[in-house]
Amino acid sequence: MEKFFKLLIRYKLLVLALFVAVAGFGYKAYKEIPVDAFPDITPKQVVIYTESPGNSAQDIEKLITYPIESAMAGLPGVKMILSNSIFGLSYVSIFFEERYDTYFLRQLVTERLNSVDIPQGWGKPVMGPNTTGLGQVFWYRIKDNSGKQSLTRLRELQEYVVAPMLKSVDGVEEVIGWGGFDKQYEVLIDPKRLQAVDVTYDEIIEALQKANRSAGGQYLEMNREQYLIRGSGFYRTLEDIKNTVVRAKEAKAVTIGDIADVRAGRAPRFGAVSIDGEEAMFGMVLQRSGTNAAKVVERIKEKIPLVNAALPAGVEIETVYDRTEITHKAVNTMTSALLSGALLVAVILFLFLFELRSAFIVILSLPLSLLIAFLLMKEYGISANLMSLSGLAIAIGMIVDGTIVVVENAFRLLHDKPEASKIDIIAEATAGVAKPVIFALLIIAAIFIPLLSLGGLAGKLYTPMAIDIVFVMLGSLAVAMLLVPVLSYLLLKPAKHGVSPLMRGIKALYLPALKFTLHHAKTITLLAALLFGATAWLLSQQGREFMPELNEESIMYRVIGIPGTALTQNIETAKEMERYILKEYGTEVSSVLSMIGRSEKGETAQANYMEVLLTLKPGIEDLPALAKRMTQDLQERFEYVQFVPTQPIAMRIEELLEGVKAELAVKIFGDDQKVMDSIASQIQKVLGTVEGLERTEVETQLGQAQVTIRPDFLALSRYGIGADEVMRVIRHGIGEEPVTEKIEGIRRFGIVPKIDGAKNDIESLGAVMLRSASGKMVRLDEVCDVKVVQGPSFIKREDLSRYMVISMDVEGRDIASFVKEAQLKIDKEVDIPKGYYTRWAGDFKNMQEATKKLMVIVPITIVIVILLLYTAFNSIKKSLLILLGVPMGLIGGIIALVMSGEYLSVSAIVGFIAIFAIAILNGIVLVSFIDELRERFPDVELETLLKDAASLRLRPVLMTAFTTLFGILPLLYVTGVGSEIQYPLAVVVTGGIISSTLLTLLVLPALYLLFYKKEHK
Amino acid sequence: MKRLFITLFAALSLHASDVVIEKAELKSFGKQIHVNAKIVQLSNQRQQIVSRLGGHLERYFVEPGKKVKDGDKIAEVKSLELSRMSADYIALGKKLEAAKARLASTESLYEKGLASKQDLNREQIAFASIEADRNALASQLASLGVTPSSLKKPTDTLIIRAHSDGLVSRLLVPLHTNLSAETPIVSLVRSSGYYAIAYIGVAEALNMPKKVEGELHIDGKSFRCRYLYLLPKVDEETQRAQMLFWIESDSRPLLLNAFAEMEINMPPFKKHVAVKRTALTMFEGEWVVFVPSEGGHEEYAEHDEHGGHDEHDEHDEHDEHGEHGGHDENSGHDEHAEHTEKKPYEVRVVEPVGRFGGYIAVKGVEPGEEYVADGVYFVKSLILKSELGGHGH
């Protein structure tokens, strides 16, 4: 070993060059790695949506959703299939196992889709964009400052100018427009006039379709030149449509103009966007999965001046939401934690070492290890996000541990052996601590590696963190073992060991305490065990949650009206609400955006649903208080709708949790929606009696009023009218489905033979006249049963079984205990018929899954650690002795967690894992030194040896503890986006370090004494 | 009547202005339907002007669409027959004068005893016979529009005149045609003779009351129509029953066979309790209206009196409430109780039995009973919200 270090020192220039290069590449990597707010937590899923305009949820479920679901069920790797059939749309989401490649899965789905049998005219299934759940990286508004452009025109600009240009940006998967009106050309027919001109509705459709044609006629040659022949029959003007001949009798032609008015109109829509009290044209850019959000947004921003140039004068793109803002906020939070951590560590090091040169070496190892970690992050495609950066922040104190030990030893030996060759001393010093350092760092890495196997959302969230810790620890190992000997050789000088006044003070306190514990070893050990038992009990009583809520520094609401609320009503509500917010909260809110219903592509929201995002002015002091006050105020002012506070990213995360937009939910499975509805009411009643319930919301699937038109076949036969003709009238004449298109350049607008006044009210629907080919005339309600009924507004299914959701918020209590109590009450008080069952979902399920995984992971980790310790010390007894230090660390962690009032979340659990590592590290440092002393002075009494060892190792132990503590301390105090996610972790680690250090220094020697007293004698 | 009492315990604080309460009224209900109608004329309303003599059609004095009055010139026909008749008339005049002279000389001879009584009788008969022929011819000429007294020489010009007021519908014979006697040459339409056949569903027709009124809409113009009777046969082509209306047209011309829209109003024939259309909504599969339940209404009336100020009052109340009890455990219940006193509404299942204009006849509401006439959406939202999104503790 010594030879290796000597070699390193001999080729010092090479080593230095290597690290300079590594640092350079590391810095480049730091600049280039993808930056995002969150790790990509989207499960492997492929979405299939089928637009089926005008069709009801029941029909869509039967004819579209079910065939798609059953075709997809047989695909390899399918974990779960969720679907939602709503008015006009089927949405099927297939979740796959993580090991498959997205493109391969999309390929499989495409192949299967070909075999799905959907009736003609019921829509074409398409795959949703290949994006992540957090893929909406950029929101914009097409703003008309000139006041000349209508919403229809703005929509046209979105579709044919803005979207294609933004789609061409690298990394953009899809650009979705929301709001405005789709232009269509309406052939407004009064069916009564059909009698006068002797034509039928079908003939009008046919005439429109046949007239709007073009054809290529190849070419002709004349005078050695080629003339192309082109049949150009596409409609060019409205007059062309009017002049379309429907029926020609001798020379008397009946044209569309004779029987209908032709005009430009607006297609029925399912969503709208309102900004600051006015309807607006809005767009969202989705990034392709696997791309760098920050880069994509950057490129979009670069493109925007070009898009603006392509827009008419006075019209421009205005940014509404930009993912990079939150990303930068989150990254800044973590970067500032990292930097202040590094600074604190540097200060601590100097205070302890009290010597500039050694402090410089140790401090230098900080950025170098981080740069190595960045290099590895880039290599393995890990983005810099809240979680991965927090991994670095957690490890910042541990990075220097290896270096400290090496430098400390070198310094000591240089001081002890001033006559020896420097190269020999440094090599000896490094080799002396190489084993414990390598093992300690390997153990830290080993402790975090099992986190990688954490599946589900927790796995996706915490894997980048664990990997980064491993990376940075590897980096620190490389620095400690390769660079530090060289730097020590070059920089350290044999000098009198500067004793820091801080150390002097600490020692004065520590030694009497140690003496006391060694004298009362048994009692102290017993007390420590009791203390651990007590705190373990405390922990078992502590509330649990999956993840602390991310504070995105924004206010957002999901606003839900009653099922069946008309889009126009909800638009009115949105406008009124926006004006109210701006009036009452003008000092804090600069803009309010409401996204009502659904956008054009595969969203499942209905007209009664909207998402309201507030743009806040800078400098708001107490955002949570403002949000609370505003929520209460809005709830009172607009009490006919429900306000559910949420945040942009949190909401998307919630949606990814099995499509349940709540932290906790009960899913009721079964067949009949009415039965499920009744079960839901019962459960809701029961939940009301459970302590901690803040709000429940039954996802009402029923309550959508429907006008059903059921053909009376006998009655139809009397008039010679086919049911298909009736359906065509309903589809095109009433439902406004275009029969052909008017092509204007690259733009296409539907031509709709619309029945005038058919949708004035329910009565006028029944009064629509039908005319048979033979001329017979009849009202729709004379040949069809026109009835108003209430049906489902949507139908949700999971793995081919229908379900209903009751979502809830739990406040002032941990979710796990709430669920336990609620489940007991449900079992006791709710009558659930056969064929129906319930299941908990939402955040809680993730917690459950994560806990289950951790139950396996933690024992495995312990075994790995014991194996590593055994390899290092070649003694089971010693391994166990070191491992016994772990509960000592946990005691502080638990006390800190309980005192802070934080719940036991995955974040806190990761904190405990970190303590595990620290405790082991402390144990190794002390135990290996005691062993060394025992070897060197076998005759000295064990108690004296222990006192000396503890006293000599006090500085490195305290240094590693303090660096870790101060490294992580900023995470406790840092505020800003993302800080709350790591807060529980920081709390646990802080408490854990304190107790672990104290107990390592006091209880571990006592334990050692108990373990080896007899042996030593 | 099935009644559903779901009481709403929630305040309609600021949206009170959107909720309008009215009283259910007894209203007479009729029915209004819109159908196709065809403008027609009955056969007895059409006239044809004939040339009573054969001849050559020289000219028309009219053209189609021209309004004519009784006696107006219609056409000129050169008639040989008229020429002969007028010549005969002139000749008969001369013959009559000769016969008269002969009769006078025979009378004087008879008085002198130079002629027998027989001779006198013969002359008398001859004179009377010529006179009768002439008178007959005079009357024929007069009926053809020729004044015999002014006839000095034979004429062949026959002026055909309108024999009633009307509108020239068609010129039936081209000019310069040789006509035979009794050939119709012009079709005349009496302006008061437009009718409309409304095509309505068979079931509707069978239940049609006798007293109905119609209004014909054509190209933005409206014509009042009087219902005459239901034609005994359905229209074979359309399979619709046919109602005959007389169009009470003013002098505006109408185009025959044109299709137009007929609005048929069946007059109020039955009294029902009526609520505004805006009051009805579908709730749990049934049509309902919302009615203020006992005690809630007075409070509401009070708010109405305050007009716009109630917004403030309510708001202040909320604020105060929040100040002193917002955080204790019972605060939610207090709020509950407070709202209960204020404006409870109940859901009333109704059965729509008829519609007319903006009103719907319903069973399930008493006359004079108050109901939510507008702003139903807000009331329904609150009720559903209280059912679905309950608050916990």
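Two strands count as paired here if DSSP finds at least two bridges between them. Keep that in mind for the first part; the model is a predicted one.

I'll start with strand 18 of chain A. Strand 16, residues 555–560 of chain A, and strand 18, residues 609–616 of chain A, pair in the antiparallel sense over six bridges. Within that pairing, A:R558 stands opposite A:E611 of strand 18. Strand 18 of chain A also pairs with strand 17, residues 589–597 of chain A, again in the antiparallel sense, and there the count is seven bridges. On that side, A:L593 has A:L613 in strand 18 as its bridge partner.

Next, one residue in a helix. A:I734 belongs to helix 23 of chain A, which covers residues 723–734. Leaving aside neighbours within four places in sequence, the contacts of A:I734 are A:V729, A:I755, A:A758, A:K759 and A:L765. As for A:E621, it is 113 residues from A:I734 in sequence and 54 Å away in space, C-alpha to C-alpha.

Last, the contact between the chains. Chain A puts in 36 residues and chain B 31 residues. On the side of chain A, the elements giving two or more residues include helix 6 (192–197), helix 19 (623–637), helix 21 (673–687) and strand 27 (784–792). The largest share on that side is six residues, from strand 21 of chain A. By type, the chain A side that touches chain B divides into 13 nonpolar, ten polar and 13 charged residues.

Conventions. Residues are numbered from 1 along each chain as its sequence is written. Chains are lettered from A and ligands numbered from 1 in the order in which they are written. This is a predicted model: local features need pLDDT of at least 70, side-chain atom pairs count only at pLDDT 80 or more; totals for chains, interfaces and linings use all residues. Two residues are in contact if their C-beta atoms, placed from the backbone, lie within 7 Å. Helices (H or I, at least four residues) and strands (E, at least two) are DSSP runs, numbered from the N terminus. Ala, Val, Leu, Ile, Met, Phe, Trp, Tyr, Cys and Pro count as nonpolar, Asp, Glu, Lys and Arg as charged, and the others, Gly among them, as polar.
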